[in-house]
Amino acid sequence: MKTKIVVKVSMNDDKSRTKAMQISVGISGVESAALTGQERDRVEVVGDDVDAVELTRQLRKNVAYAELVSVGEAKNEAPATAAAAVVAPAPQPAVVWTSYDGFPQYPIYEMRSPSYEPSCTIM
């Protein structure tokens, strides 16, 4: 059974929000986490067998004061999101490197993921 947990955390800057998200995602059983509320001061966690008390304790210990707002069953919103199909990008052809120095020619294939972006922007 998926549970939805909402915890109100006293967060003032992006650093504390980032830390709260890292902590909430690190708890076992969490499937998704989001910042909600007008001031983005609530952490909403959805998952299976998530310990709400442990989540609140970790947020209090590592971020700031945290208050458990609600714990309940997560509503299934899958039919609404199923209509928007995710299209995977077409795979790029592999780059083949060969050597011409008299040794046997063994091709070397370099495979990259579709989301690969080189870290060096100069080259």
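In what order do the elements of the protein run from the N terminus on? I looked this up and found β-α-β-β-α-β-α-β-β. I counted elements as DSSP runs numbered from the N terminus: helices are H or I with at least four residues, strands are E with at least two.

I noted that this is a predicted model, where local features need pLDDT of at least 70, side-chain atom pairs count only at pLDDT 80 or more, and totals for chains, interfaces and linings use all residues. Residues are numbered from 1 along each chain as its sequence is written, and side-chain values use heavy atoms, with hydrogens and water left out.

Next I looked up the sheet. It is open, has 4 strands in the order E2-E3-E1-E4, and its pairing is antiparallel. I took two strands as paired if DSSP finds at least two bridges between them. Strand E2 (30-36) and strand E4 (66-73) are the edges, each pairing on one side only. E1 and E4 pair over 7 bridges; Val9 has Ala66 in E4 as its bridge partner.

Last, I looked up Leu55. Leaving out residues up to four places away in sequence, Leu55 touches Ile5, Val7, Ser24, Ile27 and Val45, a contact being heavy atoms within 4.5 Å.
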